[in-house]
Amino acid sequence: GLMLSVVDLLEAELPKDAGPARAQPTLVRDVQRAVFGTQVHRLLELLQVNLSAAWRDLATSWFGERAGEVIKGVEWVQTVTDPPMAHLFKKSFAEWGFQARTAAGILEGQIDLWGEVDGQIWILDYKSGDPRYVEKAFAQLDIYAYALRRFGHTKPIQLAVIYPFDQQIKQRAARSMSEVIERFPQLRFEGAGKKTRKRSLPELE
């Protein structure tokens, strides 16, 4: 069947200029920002798998003159208690790939980080960009919450978008499945989803 990516759904539903107006960026600056954001994401994923102190050395080698800024941001993330990051770093799923059949085809995506603490499911996303664009991030996490519910998770789901460099966290409750389907009609479905494991990272049993 037709494959639907979460990114494609968001691009089709949200206008390209969603968010505050900004100066026309240069291609080089956009690429640099994307690469930097990806590397920060990788560092935080490694930290989730292994809480050893060696990540600071890695940050120094990866980020050069910006290492201090990155280390400060990551150290701040580790101290956050709402969401309960200390628990989520130790007991959560990272890079959780999924596929779910919908009326329009197979929805495919990958949740950066999710876990359950005290009966509450958290879906997290790290962003290195502008916090004013948070609504697009929340729309993405709502689709991830939809995916978790498709796999039978019924506990309350809280969404959190974390901006390490701004030391800001935006959070709200996930929309219901019916609300997400109303916004993204392609997600209507019959039957159950199919879980995939794209990477062999430590997982909860």
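1. Basis. The model is predicted, so local features need pLDDT of at least 70 and side-chain atom pairs count only at pLDDT 80 or more, while totals for chains, interfaces and linings use all residues. Residues are numbered from 1 along each chain as its sequence is written, and side-chain values use heavy atoms, with hydrogens and water left out. Helices (H or I, at least four residues) and strands (E, at least two) are DSSP runs, numbered from the N terminus.

2. Strand E3. This strand covers residues 105-117. Ten of its 13 residues are buried, so E3 is largely enclosed by the rest of the structure. Buried here means under 20% relative accessible area, exposed means over 50%, and partly exposed lies in between (1.4 Å probe, protein chains only).

3. Two strands count as paired if DSSP finds at least two bridges between them. Strand E1 (residues 3-5) runs parallel to E3 and is joined to it by three bridges; Leu4 stands opposite Leu107 in E3. Strand E2 (residues 93-102) pairs with E3 in the antiparallel sense, over nine bridges. Gln99 stands opposite Glu108 in E3, and a hairpin of two residues links E2 to E3.

4. E3 and E4. Strand E4 (residues 120-126) runs antiparallel to E3, and five bridges join the two. Leu113 has Leu124 of E4 opposite it. Two residues lie between the strands in this hairpin, where Asp118 takes a positive phi near 50°.

5. E5 and E6. Six bridges pair strand E5 (residues 157-163) with strand E6 (residues 168-173) in the antiparallel sense. Val161 has Lys170 in E6 as its bridge partner. The hairpin formed by E5 and E6 has four residues between the strands, and Gln167 in the turn has a positive phi of about 50°.

6. Helices H1 and H6. Helix H1 (residues 6-13) packs on helix H6 (residues 134-150) at an angle of about 135°, with the axes 10 Å apart. That makes H1 oblique to H6. Axes are lines fitted to C-alpha atoms, for helices over the stretch in contact, and angles run from 0 to 180 degrees between N-to-C directions; under 35 degrees counts as roughly parallel, over 145 as roughly antiparallel, 65 to 115 as roughly perpendicular and the rest as oblique.

7. The H1 and H6 contact. Contact means heavy atoms within 4.5 Å. Val6, Leu9, Leu10 and Glu11 in H1 meet Lys136, Ala139, Gln140, Ile143 and Tyr144 in H6. By class, these residues are six nonpolar, one polar and two charged. Ala, Val, Leu, Ile, Met, Phe, Trp, Tyr, Cys and Pro count as nonpolar, Asp, Glu, Lys and Arg as charged, and the others, Gly among them, as polar.

8. Arg150. This residue lies in helix H6 and is buried, with a relative accessible area of 8%. The C-alpha atoms of Arg150 and Gln99 are 9.9 Å apart, although 51 residues separate the two along the chain.

9. Helices H3 and H4. The axes of helix H3 (residues 55-63) and helix H4 (residues 67-79) come within 8 Å and cross at roughly 145°, in a right-handed crossing. Trp55, Arg56, Ala59, Thr60 and Phe63 in H3 meet Ala67, Val70, Ile71, Val74, Glu75 and Gln78 in H4. This contact has seven nonpolar, two polar and two charged residues.

Technical notes. A crossing is left-handed if the near helix is turned anticlockwise from the far one by less than a right angle, and right-handed if clockwise.
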